[in-house]
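Here are a few notes to read alongside the structure, for anyone opening it for the first time. Take them in order, with the viewer at hand.

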Amino acid sequence: MTERLDPMVGDNLELAGSALSDHDFRLITRIALDEAGLAIPQTKKALVQSRLSRRLRALGIGEFAEYIALVSLPENREERRELVSVLTTNVSSFFRERHHFDHFSQTVWPRIAAKLGNRTAPARIWSAGCSSGQEPYSIAMECLRAMPDAASRDLLILASDIDPVILQRAAEGRYTQAEVSGIPERDLRTHFTPAPDKTSYSANDTLRRLVRFRELNLHSAWPMRGQFEAIFCRNVLIYFDEDHQRRLWPRFHDALVPGGFLFLGHSERIHPLEGSGFTSAGVTIYRKS
Ligand SMILES: C[S@@+](CC[C@H](N)C(=O)[O-])C[C@H]1O[C@@H](n2cnc3c(N)ncnc32)[C@H](O)[C@@H]1O
């Protein structure tokens, strides 16, 4: 994982226990790949070691080998979830990559509004890899700006992530002052309630009613029925190896309505585009053809 395993994030590299050997690092990265499709390069070894050390301390385990034996037990799915949570990056922000939201308002929203206006069909949007919730709440704000009673229509934003810890935070919908700084003043006033000391802001019910949070590993089966008008899967695929990325393109294609849109992160591209069933519709925006 690059973002969360980036030295800029401020991990403390001091260790209480033993060093992580190359052999143990390979075993850990194998589990991360099998469980979540995560490709962790050797250059991230020190950060993996730092993060795992914290987990070992929390469990009262002294050796990485002991932890690996524990996490590898077939019945120990819970600890594998913990491990993935430790290794993933959750960096996010409101209205990240603003041009996607402009495109959404101008191009995707009119299609959704037509459906909702005629009350002929439900409209669904998916934030896949939603982290702490800024992405789905930003989409919800965009919808509510265009249609203030959207929450009482048949519109839903599915917000999913593999990490149950971060999903819990997303569902709580409480953000620091720094985190809400990316929200336009009018939307902040309308959709969030400040704590009395203004150090945090909580999402209001209208916003929350539009979003449903679910734990979902993108590499497992997707239980959703129906198709999405738009899928936001941004800054998630960069952490997967090519093989896992390639397997997702046809699945996203199937999950979209004809003419639906897929939004990727700034450094992500559908590759190969030819034969994928998508055409380019803007910078890191793809349309199901
Ligand atoms: C950097 S955040 C991106 C958040 C948001 N999409 C954005 O662009 O601001 C990446 C998220 O992908 C999630 N993730 C990583 N592997 C995943 C997988 N296999 N299935 C679902 N989510 C995954 C992580 O838990 C993390 O919350």
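1. A polar contact, as the term is used here, is a pair of N or O atoms within 3.5 Å. Please keep in mind that this is a predicted model. With that cut-off in hand, start at the ligand: a polar side-chain atom of Ser-92 lies 2.6 Å from one of the ligand's oxygen atoms.

2. Gly-129 takes part through its backbone, with an N or O atom 2.8 Å from a ligand nitrogen atom. Asn-235 uses its side chain instead, placing a polar atom 2.8 Å from an oxygen atom of the ligand. On its own the ligand has 600 Å² of accessible area, and the protein covers 100% of it.

3. Which residues come nearest to the ligand? There are 22 residues around the ligand, and the nearest are Ser-92, Arg-96, Gly-129, Asp-161 and Asn-235.

4. Next, have a look at the aromatic rings. The structure holds 13 aromatic pairs. One of them joins Phe-94 and Phe-192 in an edge-to-face arrangement, with 5.9 Å from centre to centre and 85° between the planes. Phe-94 sits in the loop between helix 4 (77–87) and helix 5 (98–118), while Phe-192 belongs to strand 4 (residues 192–194), so this pair ties together parts that are 98 residues apart in sequence.

5. Another pair to find is Trp-222 with Phe-252, which is tilted: the centres are 5.5 Å apart and the planes make an angle of 35°. The pair links distant parts of the chain, 30 residues apart, with Trp-222 in the loop between strand 6 (211–215) and strand 7 (228–233) and Phe-252 in helix 10 (residues 242–255). Phe-252 is buried at 0% relative accessibility, and Trp-222 is buried with a relative accessible area of 16%.

6. Stay with Trp-222 for a moment. What sits over its ring? The charged end of Arg-251 does, 4.1 Å from the ring centre.

7. Finally, visit Ser-200, in strand 5 (residues 200–203). Ser-200 has 16% relative accessibility, so it counts as buried, the limit being under 20%. Leaving aside residues up to four places away in sequence, Ser-200 touches Arg-174, Tyr-175, Thr-176, Thr-193, Pro-194 and Ala-195.

Technical notes: Residues numbered from 1 in each chain as written. Predicted model: local features only at pLDDT ≥ 70, side-chain atom pairs only at ≥ 80, totals over all residues. Heavy atoms only, no water. Phe/Tyr/Trp six-rings, centres within 6.5 Å; stacked < 30°, edge-to-face > 60°. Helix = DSSP H or I, 4+ residues; strand = E, 2+ residues; numbered from the N terminus. Buried < 20%, exposed > 50% of the residue type's maximum accessible area, 1.4 Å probe, protein only. Lys NZ or Arg CZ within 6 Å of the ring centre and 35° of its normal. Contact = heavy atoms within 4.5 Å. Near = heavy atom within 4 Å. Polar contact = N/O pair within 3.5 Å; in protein donor to acceptor, adjacent residues only side chain to side chain. Areas by Shrake-Rupley, 256 points an atom, 1.4 Å probe, with all protein chains shown as cover.
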